[in-house]
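Here is a friendly briefing to read alongside the sequence and the coordinates. Please keep both open as you go.

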Amino acid sequence: MNAMAQARCADVAWVGIDEGGAEGLPYAAGSFDAVVSTQVYEYVVDVAAALVEVRRVLRPGGRVVILDTDWESVVWHAGDRELHRRVMAAWEEHLVDPRLPRTLPGLLERAGFRVTDRRLVPMFNPEYAEETYSAGTIDTIGAFVTGRQGLGEDDVARWAADLRSRGTDYLFSLNRYAFVAVATGDPP
Ligand SMILES: C[S@@+](CC[C@H](N)C(=O)[O-])C[C@H]1O[C@@H](n2cnc3c(N)ncnc32)[C@H](O)[C@@H]1O
């Protein structure tokens with residue numbers, strides 16, 4: 001991801017790409033006016049500590065925008081619903097918290113923020129098309145879940161082929177949630 005960002009921003013003088021973990025940001029206190037994160041905190045073990053880190057590097061009054069997915073919100077029209085349930089259960093293992101948006105506002109408040117906006121960001125693919133999010137993620141999910149929850153290569157191939165052959169019966173939706181919060185007073 002960092003290499004891709006570096007390449008994309010090679011000609012943008014004010015962009016810098018640094019490496020570091022969310023639970024220990026490599027920046028001095030009060031360094032930033034704004035912090036943005038998409039699809040990262042659901043992978044982080046100690047989100048409470050990571051949000052305290054965001055508060056530390058923000059100036060008072062600074063803002064943070066965080067977007068994460070709730071994977072229990074996924075609707076995907078599969079022919080074999082029991083097989084699909086096992087695939088989705090195995091897929092949830094790729095995240096520390098596949099339902100993080102439910103607790104993010106409270107975590108933000110306890111880390112020294114006031115939540116000022118909450119938005120639903122739906123992913124909606126009402127038909128199968130190669131360039132859509134859900135079509136692109138079938139192989140990613142398939143590779144991850146093979147060997148988990150008792151799923152063999154044949155099971156995963158059957159699951160993927162079924163989704164790809166749905167035609168006009170294809171339907172996928174998934175909810176992402178964005179939270180905007182302002183750093184209040186002194187860090188906790
Ligand atoms: C699904 S990608 C999202 C990348 C990018 N933000 C985007 O939306 O396209 C998840 C990213 O979280 C990073 N990540 C996971 N755990 C992390 C942690 N503890 N600290 C920092 N980054 C982490 C991974 O390295 C990966 O780049």
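Is Arg 85 buried, partly exposed or exposed? Arg 85 counts as partly exposed because its relative accessibility is 46%, where buried means under 20% relative accessible area, exposed over 50% and partly exposed in between (1.4 Å probe, protein chains only). This is a predicted model, in which local features need pLDDT of at least 70, side-chain atom pairs count only at pLDDT 80 or more, and totals for chains, interfaces and linings use all residues. Residues are numbered from 1 along each chain as its sequence is written, and side-chain values use heavy atoms, with hydrogens and water left out.

**Overall fold**

- The protein chain has six helices and four strands; helices (H or I, at least four residues) and strands (E, at least two) are DSSP runs, numbered from the N terminus.
- Their order along the sequence is α-β-α-β-α-α-β-α-α-β.
- The C-alpha trace of the protein chain spans about 55 × 40 × 30 Å along its principal axes.
- Of the 188 residues in the protein chain, 40% count as buried.
- Among contacts (heavy atoms within 4.5 Å) with a separation of 6 or more, 81% join residues 24 or more positions apart.

**Annotated span**

- An unreviewed UniProt entry lists residues 3-66 for "domain: Methyltransferase type"; the positions follow the numbering used here, feature names are shortened, and annotations may be inferred rather than shown by experiment.
- Residues 3-66 are 27% helix and 25% strand, and the end C-alpha atoms of this span lie 22 Å apart.

**Helix H2 and its cover**

- In helix H2 (residues 47-57), the buried residues are Val 47, Ala 50, Leu 51, Glu 53, Val 54, Arg 55 and Val 57.
- The cover over the buried residues of H2 includes strands S1 (32-38), S2, S3 (113-125) and S4 (172-183), along with helix H4 (104-110).

**Thr 69**

- Thr 69 sits in strand S2 (residues 58-76), and counts as buried because its relative accessibility is 0%.
- The side chain of Thr 69 makes a polar contact with the side chain of Gln 39 at 2.8 Å, and another with the side chain of Arg 176 at 3.2 Å.
- A polar contact is a pair of N or O atoms within 3.5 Å; within protein, one must be able to donate a hydrogen and the other to accept it, and residues adjacent in sequence count only if both atoms are side-chain atoms.
- Not counting residues up to four places away in sequence, Thr 69 also touches others, including Glu 42, Pro 98, Leu 100 and Leu 174.

- Ile 17 lies in the loop between H1 and S1, and is partly exposed because its relative accessible area is 26%.
- Apart from neighbours within four places in sequence, Ile 17 is in contact with Asn 2, Ala 5 and Gln 6.
- Ile 17 and Gln 6 are 11 residues apart along the chain, with 6.4 Å between their C-alpha atoms.
- Arg 85 belongs to helix H3 (residues 81-91).
- From Arg 85 to Gly 167 is 82 residues in sequence and 21 Å in space, C-alpha to C-alpha.

**The largest pocket**

- The largest pocket has a volume of about 1400 Å³, a volume being the space filled by probe spheres set on grid points joined across faces, edges and corners.
- On a 1 Å grid over the protein atoms alone, a pocket is an open set of points where a 1.4 Å probe fits, with protein on both sides within 12 Å along at least five of seven lines; lining residues have an atom within 4 Å of a point.
- Its lining has 29 residues, and those nearest the centre are Asn 2, Asp 18, Val 36, Ser 37 and Val 40.
- S1 gives the most to this lining, with six residues, and helix H1 (2-8) supplies at least two.
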